[in-house]
Amino acid sequence: MVDKEYPSINFQRLISDESCGSAVLEESCFYLQAEILNQLPSSLAQQNIHHQHQDRGTKETLISGEKHPGQARGASNRASTVPLKYLPACMQRKRELRDLRNQQRSTIGRWESWRRSQSINMRRLGEHVGGAISSLLPWSHTLHSIEGRFGAGVKAYFVFLRYLVYLNILRGLIIGGTILTPTAMYSRNNWGLQTFQGNDSLLDFFLGSGFLERSPVFYGFYSRGSLELPCFNTPLLFLLGTLSVFILSLIMVVRRTVVGYKHTWLLDNRYNIHMSFKVFCGWDFCIQDPEVAAIKLSFIRNDLKSYLEEERFQLRDAMRTLMERLRLYLLRVFLNILVMALLGGAFTLIYYATLLSMDQQHNWFLSLLFQYLPPIFITLANFTLPHIFRWIAVFEDYSLAVQVNTTLVRSIFLKLACLGIYLFFLIKYIKNTETDQCWENQFGKEMYKLCMFDFLTCFFKAFFVSYPVKLLVSRHPSCWLARLLGQQYFLIPFNVLDLVYGETVSWVGLFYCPLLPYIGTAKLVAVFYIKKFVVLQCCVPAQRMFRASSSSVLFNVMLLLGLIMAAITLGTNLHRFVPSSGCGPFAGSKTVFNVTAVCVDVLPRPAQTAVRYLTSETFFYFLILAQTVLLTSYESRRRAIAKAIERLKDMLVMTSSDKHFLLKQNTLSLRRQRKKSKSPAVAPGSEEASSTPQTLTPERPL
């Protein structure tokens, strides 16, 4: 009978129509289900384990103490020092634990009491120091304000910008220790202030020529100096500093990418507890400032809007028919062909701009214009095409996060490819020149001009485009131009691409312009305040929010691609081209790497053998094989852990299903028992009710 009443189990619904029928009221059914749920053996066992974990820090168990006295004492000591605010217990339970701990201090001895108090004090000191250090981080208040008004996505951009500032500072310290300091101590050049000469002008600051070309900004200023030890000389330190910057940047970028990917993977839909966490645990009850409370409320609202937007898109995508999906796929193929055609046209324009920039002009204005012609075309392509890609992504009908990521991928390919094509033709032009013209300075000046033009573009776009548009829209909203332009939104993909492009230029020109990290640090700090002005004064919050976790990982992946491209470009230059004979620390060498060969030759015979083996192809084969085995083992462990997680999830679902099934069965049995207990009291009334018609039957007509 029971099997017929409950043919299927729906564990997602706590109350069924069959279990809560007409005989029992809805309120009593809720009460009975809650009462039975608390009486289940699994619930009782969980409550017992919960209380045992709470009492473990204050009460010593005699049985475990007799069996394992050292282990029980260690666990008790560790648990007794856990702060009460971290224990999952109510306030009454925490008060009881506090009283028990106070009573226990009189029985554990002076030494143990002093040790526990010191442990608590050290932990509190660590918390205060950590809070003080986090408050000392630059722009923390600004980031919280931006997050509250514009969401976590815009904040992720500024956090990424701050990380690049830290990275540039670290690169500057390495360059200062390995290149600038030895050159200042042992160089024969004048490190005083560079004076203007007859041919110098203010345009040299933008072109990198004149007095800047004679300064420590570029490669040609540095020389071998008086430091001439075989394994400790200026060329070797110059090469070591450059390689150290690339290796350290690779480690930091890869680490940040991996950590972000792990965080994103854990917050995937398979383990999505974000919504319930934000609703029940998202508010900070320690907030007392109304302004901070408003920012926190806005942040929670924006975060919930982003998740609801994704849920709405997934529901709409699940309702598509087969014909709708087929038409959508054909449209996406056509739009991707259009994207490739736009990229090809941009590359062709950059090619012709690079050829025109090689021509020498006598007029100063034409000379300035033609030398900045490739950066101008690169900037125009990078400014217009990403907006076209954004509209194309809208027609492709992806979710908002996928639209942002797709635009990012296409735009970063555009930026890196434009830069790569420009560097290719620039290297081809330099290869045809003579080596005594210090081609390293020429390459460094091109990277310097790209860096300067990137900053100038950011400055003029903020104060001569965004701010006037904001004034027009706010003061004359009825104007047709204001309605055409509309409100401005902070477009995260394009701003991130500008940062990645600037860092790639800085990495490429590091060897030929050693002061580029310092220039990049000053530039990024200025960009932070410019973008802060644009966001807070010129932009409005976007209507559609997206999750910033996956986009933050994509930011770091794009930065990693830029680093790899810079390393390939620099390695190609150092390997193919002979250093100039008239400038630089490597003057007179056939290749840059000859300085390492001279150092290896003076080492002892076993050290020479070891170094040559470590740089041979055989060692790299074994290294690749070891990496393959290691990656295979980690992949196997990942798959095994994923299967174990899936099995545990299935067990959790089945356990929940069993609990709800038992709950319904016990509710039905209690309802039947109550009916049976009420049946003797209802029986006399029923007899009286049945006797009344019997007395009236003779009066009815036949």
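Where is Asp 397 found? It is in the loop between helix H16 (373-395) and helix H17 (400-431). Point 7 returns to this residue.

1. **Basis of the model.** This is a predicted model: local features need pLDDT of at least 70, side-chain atom pairs count only at pLDDT 80 or more, and totals for chains, interfaces and linings use all residues. Residues are numbered from 1 along each chain as its sequence is written, and side-chain values use heavy atoms, with hydrogens and water left out.

2. **Confidence.** pLDDT is the predictor's confidence in each residue, from 0 to 100. The protein chain averages 75, and 75% of the residues score at least 70. Among the elements of the chain, H21 has the highest mean pLDDT (92), and helix H4 (residues 62-67) has the lowest (39). Two stretches stay under 50. Over residues 1-28 the model has 38 contacts beyond four places in sequence. Over residues 682-702 it has zero such contacts. Contact means heavy atoms within 4.5 Å.

3. **Overall make-up.** The secondary structure of the protein chain comes to 25 helices and two strands. These are DSSP runs numbered from the N terminus: helices are H or I with at least four residues, strands are E with at least two. Of the 702 residues, 38% are buried. Buried means under 20% relative accessible area, exposed over 50%, partly exposed in between (1.4 Å probe, protein chains only). Among contacts between residues at least 6 apart in sequence, 76% join residues at least 24 apart.

4. **Nonpolar core.** The term covers a set of buried Ala, Val, Leu, Ile, Met, Phe, Trp, Tyr and Cys residues joined through side-chain atoms within 4.5 Å. The largest such core has 108 residues, and Tyr 157, Phe 158, Phe 443, Val 496 and Phe 511 touch the most other members. Helix H9 (residues 152-186) gives the largest share, 14 residues. Domain 1 (163-580) and domain 2 (588-615) both contribute residues, so the core lies between them. The domain bounds come from an automatic or database domain assignment. Leaving aside neighbours within four places in sequence, Tyr 157 is in contact with Phe 490, Ile 492, Asn 495, Val 496, Leu 499, Val 527, Lys 531 and Phe 555.

5. **Aromatic pairs.** The structure holds 26 aromatic pairs. Rings of Phe, Tyr and Trp (its six-membered ring) pair if their centres lie within 6.5 Å; planes under 30 degrees apart count as stacked, over 60 as edge-to-face and the rest as tilted. Trp 139 and Phe 528 are stacked, because their ring centres are 3.8 Å apart and their planes at 15 degrees. This pair links distant parts of the chain, 389 residues apart: Trp 139 is in the loop between helix H7 (110-136) and helix H8 (140-150), and Phe 528 is in helix H21 (residues 516-538). Both residues are buried. Phe 528 also pairs with Tyr 529, with centres 5.8 Å apart and planes at 80 degrees, so that pair is edge-to-face. Phe 528 has 0% relative accessibility. Tyr 529, at 44%, counts as partly exposed.

6. **Cluster and charges over rings.** One aromatic cluster is formed by Tyr 219, Phe 221, Tyr 222, Phe 238, Trp 439, Phe 443, Phe 511, Tyr 512 and Phe 586. A charge sits over a ring if NZ of Lys or CZ of Arg is within 6 Å of the ring centre and within 35 degrees of the ring normal. Arg 256 lies over the face of Tyr 163, at 4.2 Å from the ring centre. The charged end of Arg 390 sits over the ring of Trp 391, 5.2 Å from its centre.

7. **H8 and backbone.** Eight of the 11 residues of H8 are buried, so this helix is largely enclosed by the rest of the structure. The buried residues include Leu 143, Ile 146 and Phe 150. Just after H8, Gly 151 takes a positive phi of about 95 degrees. Asp 397 has a phi near 60 degrees, a positive value in a residue other than glycine. Most residues other than glycine have a negative phi.

8. Val 245 lies in helix H11 (residues 234-266) and is buried, with a relative accessible area of 1%. Val 245 touches Arg 171, Ile 174, Ile 175 and Leu 510, not counting residues up to four places away in sequence. Tyr 613 is in helix H24 (residues 605-614) and is partly exposed, with a relative accessible area of 40%.
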